[in-house]
Amino acid sequence: MKFGIIKERKNPPDRRVVFTPEELVRLKNEHPEATIKVETSDIRVFTDEQYSELGIEVGADMTDCDVLFGVKEIPLDALIPNKKYFFFSHTIKKQVYNRKLLQAILEKNIELYDHETIVDTNNKRLIGFGRYAGIVGAYNGLRGFGIKYELFTLPKAETLQSKDDLIARLKRQTLPNIKIVLTGNGKVGMGAKEILDGMKLKQVAITDFLTKNYSEPVYTQIDVLDYNKRIDGTEITDKSDFYKNPTLYTSNFERFSKVADIFMAGHFHGNDAPDILMREMLMAADCKIKVVADISCDVDGPIACTIKASTIADPFFGFLPFENKEVAHTHPGSIMVMSVDNLPCELPKDASEGFGEMFMEHVIPAFFNGDKDGILQRAKMTENGKLTERFQYLQSYVDEK
C-alpha cells in the first residue's frame, strides 16, 4: 500500500500537513510494508528537503499512490479518480458551497474519508485541529482586548512559532482585573484553557465568578448546563438530558454577560440547541461583554454578534447590537468580535505535529489490522460511486443541481 501526502491547493494557502517528516519516519518504522510519497509543495510548513533528508520520496506525480492524505478541500480538477482520499470536505452538513465537490468525488469513483467522520463507536471524533483552534482563538481574544482598550500590542499568532511563544508574549502584558468566561470542555475549550492557564490566570468557581469582585484577572470555564436551563424550571444535573432534549431548554447565559468582560466561545453547538448569547443580552444596559472570541465560529448561529467569519489577515470587526450590523471595531458602542474560521492555520507547525500524532494513533493501524475497530468503515463516505449507508442522508444534497 502506498500512502501519499498531497499539496494543499485551496486559497488562502494552508501551510498545515497531515504528517510531519518525523511522523512519516515513524510510520515507515512501524509498518515497513507501507511505502510513502510526499507531493512537492512550496507552501507547506515543512519543506520538501525536510522530507527527502529523512529518506521520504518527494515528487510531483501522485497517481501511483493508493491513499492520499490532505487537510483542506481539493479543487475538482486535482482529484485523481479511483483513489482513497482523506481530507476535510466540509460536506457532511450539506454545505451548499461544496456540493460540486461531493458530486465530483462520486463521479470519479473516489473513496472519501472525511477527517470529521473518523469517530469511535460512540461517535466521538478521534482527530482534528480543535485544540489548536482553542489555543490561537484565546490568544486572539486577548490580543483583541489589548487593541480595543489600547493597553498593549501583540503580534499576530501566525508570526510566532508555537504555543509557548504565544504564552510568553501574553505573560509580558499586564491585564486589568477583568473576567473571562469560557464555554466548552472539548478539544477547543481545553485548548483555550491551555492559554489561560499558561498565563497563570486564576480560575474561579462559577458562583464566585458571578458574585465576587477580584483585584486580578480571572476566568471561569462553563459547560452546557451552566448556560442553559430547562424552560419548565426543572433542575437538571445530568447533561445527557440536554443532549436528548435540547428544544426543552433556553439560554441562561445572561447571568454571565452581566459580569464578564471577554467571552471565549469554545463550545460545540448542536442544530437543535438554543442560542447562547442573544442580541437582547448584548443590548441590555447591564451587559458587560466588550470582546467576543468566537472560536467555534458558527455564523448566524448561537452567538448573535457572529454575523460573519473574519480572516487571519483581518481578524476583528465591530458589532453594533442596537442596529444589528457590522461597524469598525474602533466604534465606541461596538462589541469587538473575533470569528476566524481557520485558526489552526496560524500555528501550522504545532497543529501539524498534533494532528499527525492523532492520525498515527487512531487511523493508520486500521490499514494493517483489518480495520478491527471499524474506524475506516465508519468514516467511509463514498464507495463505488455511491454514498455509503451511513451517509445516505446526503443523497438529496448530492442530487440537487
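## Basis

The model is predicted, so local features need pLDDT of at least 70 and side-chain atom pairs count only at pLDDT 80 or more, while totals for chains, interfaces and linings use all residues. Residues are numbered from 1 along each chain as its sequence is written, and side-chain values use heavy atoms, with hydrogens and water left out.

## The eight-stranded sheet

Eight strands form an open sheet in the order β8-β9-β7-β12-β13-β16-β14-β15, with mixed pairing. The edges are β8 (202-203) and β15 (325-327); each has a single partner strand, so one side of each lacks a neighbour in the sheet. Helices (H or I, at least four residues) and strands (E, at least two) are DSSP runs numbered from the N terminus, and two strands pair if DSSP finds at least two bridges between them.

Strand β7 (residues 179-183) runs parallel to β9 (residues 218-222), joined by five bridges, and Leu 182 stands opposite Gln 221 in β9. Four bridges join β7 to β12, also in parallel, with Phe 263 of β12 as the bridge partner of Val 181. In turn, β12 (residues 262-265) pairs with β13 (residues 291-294) in the parallel sense over four bridges, where Ala 265 stands opposite Asp 294.

## Enclosed elements

Five of the five residues of β7 are buried, so the strand is largely enclosed by the rest of the structure. Buried means under 20% relative accessible area, exposed over 50%, and partly exposed in between (1.4 Å probe, protein chains only). Lys 179, Val 181 and Thr 183 point one way from β7, and Ile 180 and Leu 182 the other way. In a regular strand the side chains alternate between the two faces of the sheet.

Helix α3 (residues 99-107) is also largely enclosed, because seven of its nine residues are buried. Among them are Arg 99 and Gln 103. The buried residues of α3 pack against β5 (84-87), β6 (111-114), β17 (382-383), β18 (386-387) and α14 (395-399); contact means heavy atoms within 4.5 Å. Asn 109, which follows α3, has a positive phi near 55°.

## Two buried loop residues

His 267 lies in the loop between β12 and α11 (279-283) and is buried, at a relative accessible area of 7%. Its side chain makes a polar contact of 2.8 Å with that of Thr 183. A polar contact is a pair of N or O atoms within 3.5 Å; within protein, one must be able to donate a hydrogen and the other to accept it, and residues adjacent in sequence count only if both atoms are side-chain atoms. Beyond four places in sequence, the contacts of His 267 include Tyr 227, Ser 296 and Pro 302.

Arg 44 is in the loop between β2 (35-39) and α2 (48-52), and its 6% relative accessibility counts as buried. The side chain of Arg 44 reaches the backbone oxygen of Glu 39 at 3.0 Å, and one of its polar atoms lies 3.4 Å from the backbone oxygen of Ile 6.
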